[in-house]
Amino acid sequence: MLGSTLVTPQTGPEGTRVNKVLLEQGVNIARELYAGIAFDRGSRMDAFMVSTEGGVEIEKVAAETPEKIHKQFIDPVMGMHPWQARALAFALQLGPVATKAAIKVFLALYEAYRARDASLAEINPLVVTTAGEVIALDAKMNFDDNALFRQQEVAAMRDPLEEDPLEREANEFGLNYIKLNGNVGCMVNGAGLAMATMDIIKQAGGEPANFLDVGGGANVETVGNGFRIITKDPNVGAVLINIFGGIVRCDRVARGVVDAIGAAGISVPVVVRLQGTNAEQGREIIQQAKLGFIWADSFREAAEKAVAAAKGGSE
């Protein structure tokens with residue numbers, strides 16, 4: 001028999017924190033299962049996954065016993081067919097009563113996933129009771145930030161106090177920032193370049209401290225806000241600014257870097273790499289600023305210098 005208690009913090013009068021306690025009825029569990037949906041970029045379809053290994057992280061099941069995960073790929077345009085829900089239920093080897101109940105749960109879960117513009121919807125564990133009932137004992141949904149404009153009820157549930165303070169501040173300035181656990185801060189324009197920058201930092205023996213995409217229109221304000229947020233992380237030992245001048249010229253970015261960071265003051269080593277339109281002019285601006293910037297010509301050189309600087313090495 002299992003029961004659960006959920007404590008939900010809410011804001012009371014004058015900003016005080018009030019805890020509301022929700023109690024669930026205990027149930028007699030016969031089996032614990034997993035059911036989840038996420039978008040699969042390879043097939044360009046929604047992947048509905050079920051497993052007999054409920055109550056544990058699905059990533060662990062995928063790594064250790066992938067044969068225990070069963071999938072149905074759902075065309076987002078056509079939606080989920082009843083036969084797909086039946087196939088998933090049969091894969092779990094449920095009895096007749098539980099199979100019928102599971103089909104209803106799977107169809108309802110997919111409907112909720114689509115209706116709420118979710119990026120993930122999972123039930124873990126989905127339990128079968130000794131009486132043959134199928135109950136979603138615990139569930140989680142992640143939502144597409146880009147679709148929140150049409151999901152006002154979901155947006156209203158946001159609790160900023162549950163978010164990382166730096167990520168919350170970055171969001172207020174329109175910056176795409178995710179805090180990580182490394183010591184090399186990254187400021188990049190473009191999500192693809194940001195991902196590549198984090199990868200090459202790891203190849204150079206370091207660990208990225210964040211994901212930060214300042215966007216194609218990087219200017220003094222965005223660079224300044226980004227740099228300030230990066231250096232608020234006490235783990236950051238160096239910052240790598242890696243900008244490709246396409247939509248925005250490198251000389252304009254360089255002036256923004258000098259103005260923004262020069263005004264803020266440099267508290268950690270800053271490695272700069274500029275490539276693309278007017279890269280040479282950008283290099284001259286950076287080197288003439290005499291603010292202690294560390295220049296790098298190549299991608300790998302920039303990563304190696306940033307990692308060395310974060311570790312206290314000499315350039």
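**Figure 1. Overview of the predicted model.** Buried residues make up 41% of the 315 residues in the protein. Buried here means under 20% relative accessible area, exposed means over 50%, and partly exposed lies in between (1.4 Å probe, protein chains only). This is a predicted model: local features need pLDDT of at least 70, side-chain atom pairs count only at pLDDT 80 or more, and totals for chains, interfaces and linings use all residues. Residues are numbered from 1 along each chain as its sequence is written, and side-chain values use heavy atoms, with hydrogens and water left out. The protein has ten helices and 14 strands. Both are DSSP runs numbered from the N terminus: helices are H or I with at least four residues, strands are E with at least two. The protein exposes about 16900 Å², and carbon and sulfur atoms supply 52% of that area. Accessible areas come from the Shrake-Rupley method with a 1.4 Å probe; for residues, only the protein chains shown count as cover. Among contacts between residues at least 6 apart in sequence, 62% join residues at least 24 apart. A contact means heavy atoms within 4.5 Å.

**Figure 2. Close-up of the largest nonpolar core.** This core holds 33 residues, and Ile241, Leu274 and Ile286 touch the most other members. A nonpolar core is a set of buried Ala, Val, Leu, Ile, Met, Phe, Trp, Tyr and Cys residues joined through side-chain atoms within 4.5 Å. Isoleucine 286 is in contact with Ala254, Val257, Val258, Val272, Leu274, Phe293 and Trp295, leaving aside its neighbours within four places in sequence. A second, separate core has 26 residues, among them Leu88, Ile103, Ala118 and Val134.

Figure 3. The buried residues of H5 are Leu166, Glu169 and Ala170. They cover an arc of only 100° around the axis, so they lie on the same side of H5. The arc is that of the directions from the helix axis to the C-beta atoms. An α-helix has 3.6 residues a turn, so residues three or four places apart point the same way. Just after H5, glycine 174 takes a positive phi of about 75°.

Figure 4. Strand S4 (residues 45-51) is mostly covered, with six of its seven residues buried. Strand S3 (residues 29-40) pairs with S4 in the antiparallel sense over seven bridges. Two strands pair if DSSP finds at least two bridges between them. Phenylalanine 39 stands opposite aspartate 46 in S4. S3 and S4 form a hairpin with four residues between them, and arginine 44 in the turn has a positive phi of about 60°. S4 also pairs with strand S5 (residues 69-74), in the antiparallel sense over six bridges. In S5, glutamine 72 is the bridge partner of phenylalanine 48.

**Figure 5. Close-up of glutamine 84.** Glutamine 84 is found in helix H2 (residues 82-91). Its relative accessible area is 4%, so glutamine 84 is buried. Not counting residues up to four places away in sequence, glutamine 84 touches Gln72, Phe73, Ile74 and Gly79.

Figure 6. Cysteine 186 counts as buried at 1% relative accessibility. Cysteine 250 counts as buried at 0%. The structure holds zero disulfides, a disulfide being a pair of cysteine sulfur atoms within 2.5 Å.
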